[in-house]
Amino acid sequence: MVPLANGQYFAALDVPAQKVNRMVTEMTVRGDSVLLYMPAAGSRYAARFDAAKRELIGVWTQGGVKSPLRLRYAPMPSLSGPGTRLAPPYREEEVAFDNAVSRLNFSGTLTVPPGTGPFSAVVLVSDLGAQDRDGTVGNYRMMGALADYLTRRGVVVLRYDDRGVGQSGGSTATATTAMRVSDVQGAINFLRSRLEVNIARIGVVGHGEGANVALLAAGQPLPPAFVVSLAGYGLTGEQTLLQQLLMQQRAQKLEPAAMQAAYERRRTMYSIIRLTNPAQARAIVSNMLRQDQPGLDAQAIQKAASQLLTPWQRSFLAFDPLEDLNEVRCPVLLLSGTADEVAPAELHQVALEKELKSFNRQTVAKRLPGVNHLFQPAKSEWTLMNGELSPLFSPVAQETIRQWLVDLDKPSKVLFSK
């Protein structure tokens, strides 16, 4: 049981002997009275909290049978470093796979549920930029959290370091969105070689640009069985980056005239990058940066220009995520949050949904209230750890993904049971 910032509690039930992991538990506290209700098990526990002994004393009720039960508090084992944690109730394996097209090797983590399988499986694909296998942003590990959640519910998960990160080869700066598709295909082929995996039930879960990569992979030969798009982009790359610039300017509360001038300046720069050869673009962009920021020295100007002129940048500016969606035939779940300011659902998800649903009846789209681009819920729902707010992956988003996977294959729903 973990106190939340809104005064409520998050609770979950683990019974390792019965392979029960993080079963949803509703918790009600009134004074020293505590009521725990587990809908999935049809069970409830009514107890009194003894603060002096730090224990709950009450009655467990299940299937009409009542049993006295005493629960004592036990502290979590001490963790000595930022990379240490309790052993999870599943198998973790450091793995490597190759992309035969690009002749690159990738490092990653494979998590396998207990049991013999074969299990359904997913590949996790990150958003823009060079990211590690956990999608680490500060103390938040988006991909690591999702991998843990899905594996506890019977799904094999492969997550890997992006190009140029960790032990993975290549460079993110030189990898276009289309090139990343072959990385995903290499990951899928690796899963097809594993005995624990049901080769007919391998999907891809992508975030941001990773969602677009997943959809592109679904339009290729030997596609994944399904795709989950987490805040995928529905506008062109140029429109996406310009819209993000506007959001940044609004957050800085710039004057409308200054915002418009900066917007037009950046749009002109992007057009030059797209439409001229690299040498010409570098000269013009460097000159524009020098005029915009006269205080920067020549070395800083060249560095800034280089960041704007990477092969990925040139490719992404021209990228149209709707162009090849008519090749996608597998089931697709489109998820976005209403608090997403990086890829607002009303712009991006609406475009993806309209295009996909025009020819793919297996497309489901949902917007999650209060969820941001990193799929974090509102801060009032974050956990309190050592007196500080700790971000978490939206439980509603996780459950939405799990339930959609259940609905895909009802006969195999035991693989995704709570």
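Biologist: In β15, which residue is the bridge partner of Val 204?

Modeller: The bridge partner of Val 204 in β15 is Val 227. Please keep in mind that this is a predicted model, in which local features need pLDDT of at least 70 and side-chain atom pairs count only at pLDDT 80 or more, while totals for chains, interfaces and linings use all residues. Residues are numbered from 1 along each chain as its sequence is written, and side-chain values use heavy atoms, with hydrogens and water left out.

Biologist: How many bridges join β14 to β15?

Modeller: Five bridges join these two strands, which run parallel. Two strands pair if DSSP finds at least two bridges between them. Strands (E, at least two residues) and helices (H or I, at least four residues) are DSSP runs, numbered from the N terminus.

Biologist: And what holds paired strands together in general?

Modeller: Strands of a sheet pair through backbone hydrogen bonds, either parallel or antiparallel.

Biologist: In which sense do β10 and β14 pair?

Modeller: Strand β10 (residues 119-125) and strand β14 (residues 197-207) pair in the parallel sense, over six bridges. Within β14, Val 205 is the bridge partner of Leu 124, and Gly 206 is that of Val 125.

Biologist: How many of the 11 residues of β14 are buried?

Modeller: Eight of them are buried, so β14 is mostly covered. Buried means under 20% relative accessible area, exposed means over 50%, and partly exposed lies in between (1.4 Å probe, protein chains only).

Biologist: Let us look at the sheet. What is the order of its eight strands?

Modeller: The order is β8-β9-β13-β10-β14-β15-β16-β17, in an open sheet with mixed pairing. The strands at the edges are β8 and β17 (363-368), each with a single partner strand, so one side of each has no neighbour in the sheet. From one strand to the next, the twist averages 20°.

Biologist: Which strands does helix α1 touch?

Modeller: Helix α1 (residues 142-152) packs on the sheet and touches β9 (104-112), β10, β13 (156-160), β14 and β15 (226-230). Contact here means heavy atoms within 4.5 Å. The direction of α1 makes about 165° with that of β13; axes are lines fitted to C-alpha atoms, for helices over the stretch in contact, and angles run from 0 to 180 degrees between N-to-C directions.

Biologist: What about α2: which strands does that helix touch?

Modeller: Helix α2 also packs on the sheet, touching β8, β9, β10, β13 and β14. Its direction makes about 125° with that of β8.

Biologist: New topic. How many aromatic pairs does a search of the whole structure find?

Modeller: The search finds 10 aromatic pairs. Rings of Phe, Tyr and Trp (its six-membered ring) pair if their centres lie within 6.5 Å; planes under 30 degrees apart count as stacked, over 60 as edge-to-face and the rest as tilted. In one of the pairs, the ring centres of Phe 97 and Phe 190 are 6.2 Å apart and the planes stand at 35°, so this pair is tilted.

Biologist: Where in the chain are Phe 97 and Phe 190?

Modeller: Phe 97 is in strand β8 (residues 91-99) and Phe 190 in helix α2 (residues 177-192), 93 residues apart, and the pair thus links distant parts of the chain. Both residues are buried. Ring pairs also link Phe 97, Phe 106, Tyr 160 and Phe 190 into a cluster.

Biologist: How many salt bridges does the structure hold?

Modeller: It holds 17 salt bridges, each being a side-chain nitrogen of Lys or Arg within 4 Å of a carboxyl oxygen of Asp or Glu. In one of them, the side chains of Arg 70 and Glu 55 meet at 2.6 Å, N to O. Arg 70 lies in strand β7 (residues 65-72) and Glu 55 in strand β6 (residues 55-62), 15 residues apart.

Biologist: Is Glu 55 buried or exposed?

Modeller: Glu 55 is buried, because its relative accessible area is 4%. Arg 70, at 40%, is partly exposed.

Biologist: Which residues are linked in a network of salt bridges?

Modeller: The network links Arg 91, Glu 93, Arg 194 and Glu 196. The side chains of Glu 196 and Arg 194 meet at 2.9 Å, N to O, and both residues are buried.
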